[in-house]
Amino acid sequence: MAVFWRHGYRDASIGQLTEAMGVTPPSLYGAFTSKSALFIEAAQRYLTTDGAAPAPTSAVGTPGSTLPVVELGQASSTGVTKQLQRIALVAARSDVRVRPDQFAYQKSMHRGSVPALERTLPGEGPMKMTPMTHREIWVSQKSSGGKGLIIDNGKAEEYDQGDLPNLVSYENLAKLPTDPDRLLEWIRAHLAEWQSEGTTPDQQAFNTIGTILEEGPPLPAELAAALYQAAARIPGVVLVDKAEDAAGRTGIAVAREDDGARTEWIFDERTLTYLGVRKVQVKDTKWIKPGMLLYTSAILQRGIVDERGERPASTS
């Protein structure tokens, strides 16, 4: 659990986890199938062993969360379907084609919230924000396996994608239904494979679409449009009039609330291009107050290249 505490779930890399465990990436994937499965196993072991003992630092009397507080935009269901249709029209203009021997390149920045005290899980005590991670990543577009590259804050690390299917490869994504109703039905039927966060199937479906938008390569045009149209069919999806990404760019957001927090996909208000994602607290709890920032990212550049380490000539 130490790696997850130190870096947060999202920022804990496979390299950091395998180094701490003394195993190779294929061994990790063979034993746990995914990072989320490893986290669940580690958390369960913590709760039944170390977590059963008194915590070394009591949360009683400690300061509250030190998370930054951001402006909460106004959320409304009015107009969300039409706005998603407009976004879908913009997404449908893509004409990118990707070969399995190529790499999806992405330049981004992100940071998230983690427990401020050791041996506490989220919700058990105060939270703090991790430093900003500036990332460049090259993801092999092979349908399974492949070796990519990650550069976090200037430090390069090979990205062993394991032997499991690459769910966000262009080849696999291109096989998905492009009818919005059938696509949403497919997503709901495969939630276990994506292991998206969320306390309800509706939120898990929303977050699965968000994962494809955030982590996937430039998408096939018909699929990109269908994803936004499918999102419009999920109950509880709203339009937020103002949100800011990790790079300080403001836009509108398509969002959904779950368990007291709102996940927002942020778009440039004029061009409707995807900027990044933000998760903010909207309900008051003991440790986290409304407006506190839980996660933020910004996609700065995307493209398709032929080699690891190669950068695209222009944004896409």
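Salt bridges between separate segments

Author: Lys-283 has a relative accessible area of 45% and is partly exposed; in this scheme buried means under 20%, exposed over 50% and partly exposed in between, with a 1.4 Å probe and protein chains only. Glu-257 is likewise partly exposed, at 36%. The model is predicted, so local features need pLDDT of at least 70 and side-chain atom pairs 80 or more, while totals for chains, interfaces and linings use all residues. Residues are numbered from 1 along each chain as its sequence is written, and side-chain values use heavy atoms, without hydrogens or water.

Lys-283 and Glu-257 are joined by a salt bridge of 3.1 Å from N to O (side-chain nitrogen of Lys or Arg within 4 Å of a carboxyl oxygen of Asp or Glu). This pair links distant parts of the chain, 26 residues apart: Lys-283 sits in the loop between strand S10 (274-281) and S11, and Glu-257 in strand S8 (residues 250-258). Strands (E, at least two residues) and helices (H or I, at least four) are DSSP runs numbered from the N terminus. A separate network, held by salt bridges with shared partners, joins Arg-99, Asp-101 and Asp-306.

Across the whole structure, the search finds 15 salt bridges. One of them pairs Arg-311 with Glu-136, where the closest N and O atoms are 2.6 Å apart. Glu-136 belongs to strand S4 (residues 133-140) and Arg-311 to the segment after strand S11 (293-305), so this bridge ties together parts that are 175 residues apart in sequence. The two partners fall into separate accessibility classes: Glu-136 is buried at 13%, whereas Arg-311 is partly exposed at 46%.

Arg-233 and Asp-181 form a further salt bridge, with 2.8 Å between N and O. Asp-181 is in helix H7 (residues 180-189) and Arg-233 in the loop between H10 and strand S7 (238-244), so the tie spans 52 residues of sequence. Both ends are partly exposed: the relative accessible area is 39% for Arg-233 and 46% for Asp-181.

Helix H10 also takes part in a helix contact (heavy atoms within 4.5 Å). Its residues Leu-227, Tyr-228, Ala-230 and Ala-231 meet Ile-209, Ile-212 and Leu-213 of H9.
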